[in-house]
Amino acid sequence: MTDGSNISTAELTMDEPDDRNRLDATVQGLIHTGMDRPDGPLKVSGRATYAHEDQPTGMLTGVLVRAPVAGGQVTGLNAEAIRKLDGVRGVFHGKAFLRNPAQGTANEAPVQPDGKISYVGQPVGLVVADTFEQARHAAHMVELEITPDDAVTDLETAEIETPKEKQSSQGDLDAALSQAAYTVDETYRTGGHSSSAMEPHAAIAQWDGDKLTLRGSYQMLKYNVNELADALGIDPENVHLLAPFVGGGFGSKLGISHEAVAAALAARELGASVAVVLTRQQVLEATMRRSETVQHIKLAADADGRMTGIGHESTVSQLMDESFAEPVAQATPFLYRGENREIGMHIKRINRMCAGSVRAPGEAVGITALEIAMDELAVASGIDPVELRKRNIPDVDPSDGRAFSSHKLAEALDDGAKTFGWDSREVGKTDGEWLIGYGMASATRVNMLGESHARVTLNQDGSLLVETDMTDIGTGTYAILTQIAGEMLGVPSDRVTVRLGDSSLPKAAGSGGSWGAASSGGSVFVACEALRKKIAEAMGVEERDLTLQDGVATANNRRADLPEFTKDGPLTVKGTIRKGDTQTDRRQATFGAFFAEVGVNSVTGETRVRRMHGSFAAGRILNAKTARSQCLGGMTFGIGMALTEELMFDKRDGHLVNNDLAEYHVPVNLDVPQLTVNFVQERDPWANPMQAKGIGELGICGAGASIINAIYDACGVRVRDLPATMDKILSGLPEM
């Protein structure tokens, strides 16, 4: 922080493309390199404190009490008996508890049902004790008085809503299908998914008078402050959130959750700090899930394989009266050509935990189904799957005629095919009892920018301080912001300090929607460019004529060390970036391609991924190492979606059957082969001044489809109900 002198502001609204290629003109050499994470040593040595690790002296522990039924009203509980148990400090319940977490960017409290139960496992109370063991025992001893109510626990009997605003139509799809040379008309299903981040949801609340400090595991602090304040009925100015390190989120920590409100309520009442951590079972049962989907896809193509029509009708599920619905067909309108198209969505209302954003909401499941259908079209037409996709890349967004800000799908397809050896693949290959097959799929994800603020200070010793409430959920924010600031101001990375995850700092867009690096990085870029102008002015030159490298400014044969410009105190600029007309004037998206080789066991039906490659175009790559890591993680997500992951509910009472990582099968080491990643050279001046795009979610969008398509190539079994477990393959295996 500075003392208030030499502070200025700089703002940019993206109303025009920025084609200056500004980061191509700098010379520090930090951008794009695979710079190590500055926070890495802290994490591997255990010095990076996550939400439950920075524990105040005298901290108490709370354990949530949860509903055993899917519908009803809590009318009472045996609080007096519980308070008499060893170590118990308090029993809490009532209207302030949350029904479900806040949706991403909600900016207000989620539903507070005042004892109304909407799903099995819903938190309805909290027991606080001196130790975790005492609190857990007491929570298990709570006896709830419940007036039962009707609940919908079977999807087959759930009522269907068809929101008018989620239906669209162009041309005449039925006519296109009837006149097409080749068609696909199939239904695909994807299972529900859990984010299953490594770090469970956790919060430690502590009050100082009417001021609340809460250490939590959250992704979007500027929204989370308002959500928590609204839930507690206090002024947001009195809420201070700390989340310097977050052990993964994948969407499940976009909004505040049960533990934050429960811990804050108890801490205020007891006058002591209180920690509440969700168990793994509670994470699966009470935080956001990705809805299962049923997707009816229709494709029409002429004799040359050029598509004339697309239909994509989806059905998802959601808790009663929640507005979010998995945007399954979000990318269908612009991915492929076809003048006749129908897109529709239906929502089934059911008593299950809330559906919300899980990594790449929409495209993760929607593109997966669409890309399986595209493989079926390739088989029907006899056209190579890569070539079929290339023939159907549109010149403009078919849904509204907008030009693309940039478009590198063809390049990604070609690069991926060459790297993988697609053209030299061996049809009908076997390896002992394993049938070998190859599959591919396109990838795409919408690109967005969110308003962000950051403060950059050039200190008197020539070092830099970057401050923003942006979070790092494992994505590499500490590294990327270090690189942007160091590159723009010519300061080595070890002379740059980045402070994140503190709501008292300038407010960033947060981690979500793959907009974090572009948005928070954009605000840092704006601040740094303003600092460059201050230095250039002091040297009597234009900013474009200034060279900054290794802490030295050079212009017109003059050299000056950076501390020379801070003799009157540190120089600070608060930078702001906002989305503008570029977001709507052009269709902005990222693209890629997946290629997979699988083995299907001819005896058991087991599938193993033998190798997998992804080629991606996401604008300027800011850090090659962290970007690659994001793509590897997305592809691993795709393996899970294709082969193992599915939330399973008992339709008799609605409870989640596989509520831990022993039964909800995320991919582990033996499931994941060596994955390879290429980046296609790209700059997108419409996205932001750095010309970078989001990449965190692109790596999952279609990854599972490449595996499903490879299974078909291996054994001739077309799986349309994901995941492709052995029982869905075994009966269709050919005789060996």
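Student: How many of the 19 residues of α9 are buried?

Tutor: The model is a predicted one. A residue counts as buried when its relative accessible area is under 20%. The rest of the structure largely encloses α9, because its buried residues number 17 of the 19.

Student: What distance does α9 reach from its first C-alpha to its last?

Tutor: At 1.5 Å a residue, a span of 27 Å is expected for α9, which has 19 residues. The value computed from the model is close to this, namely 25 Å.

Student: At roughly what angle do the axes of α9 and α16 cross?

Tutor: Two packed helices are described by the distance between their axes and by the angle between them. Helix α9 covers residues 363–381 and helix α16 covers residues 703–715. Their axes come within 8 Å, and the crossing is right-handed. The angle is roughly 35°.

Student: Which residues of α16 make the contact with α9?

Tutor: On the side of α9, the contact is made by Thr368, Glu371, Ile372, Asp375 and Val379. By class, the whole contact has five nonpolar, three polar and two charged residues. The residues that α16 contributes are Gly704, Ala705, Ile708, Asn709 and Tyr712.

Student: Which strands stand at the edges of the open sheet of three strands?

Tutor: The order in this sheet is β25-β26-β27, and the pairing is antiparallel. An edge strand has a single partner strand, so one of its sides is left without a neighbour in the sheet. The edge strands are β25 (547–549) and β27 (558–561).

Student: Which residue of β27 is the bridge partner of alanine 553?

Tutor: Strands of a sheet pair through backbone hydrogen bonds. Strand β26 spans residues 552–555 and pairs with β27 in the antiparallel sense over four bridges. The partner of alanine 553 in β27 is alanine 560.

Student: At about what angle does α13 run to β26?

Tutor: Helix α13 comprises residues 516–539. This helix lies across β25, β26 and β27. Its angle to β26 is about 55°.

Student: Is leucine 531 buried or exposed?

Tutor: Leucine 531 has its place in helix α13. Leaving aside residues up to four places away in sequence, leucine 531 touches Val456, Leu489, Leu571, Thr572 and Val573. The relative accessible area of leucine 531 is 1%, and the cut-off is under 20%, so this residue is buried.

How values were computed:
Residues are numbered from 1 along each chain as its sequence is written. This is a predicted model: local features need pLDDT of at least 70, side-chain atom pairs count only at pLDDT 80 or more; totals for chains, interfaces and linings use all residues. Side-chain values use heavy atoms; hydrogens and water are left out. Helices (H or I, at least four residues) and strands (E, at least two) are DSSP runs, numbered from the N terminus. Buried means under 20% relative accessible area, exposed over 50%, partly exposed in between (1.4 Å probe, protein chains only). Contact means heavy atoms within 4.5 Å. Two strands pair if DSSP finds at least two bridges between them. Axes are lines fitted to C-alpha atoms, for helices over the stretch in contact, and angles run from 0 to 180 degrees between N-to-C directions. A crossing is left-handed if the near helix is turned anticlockwise from the far one by less than a right angle, and right-handed if clockwise. Ala, Val, Leu, Ile, Met, Phe, Trp, Tyr, Cys and Pro count as nonpolar, Asp, Glu, Lys and Arg as charged, and the others, Gly among them, as polar. The expected span of a helix is 1.5 Å times one less than its number of residues.
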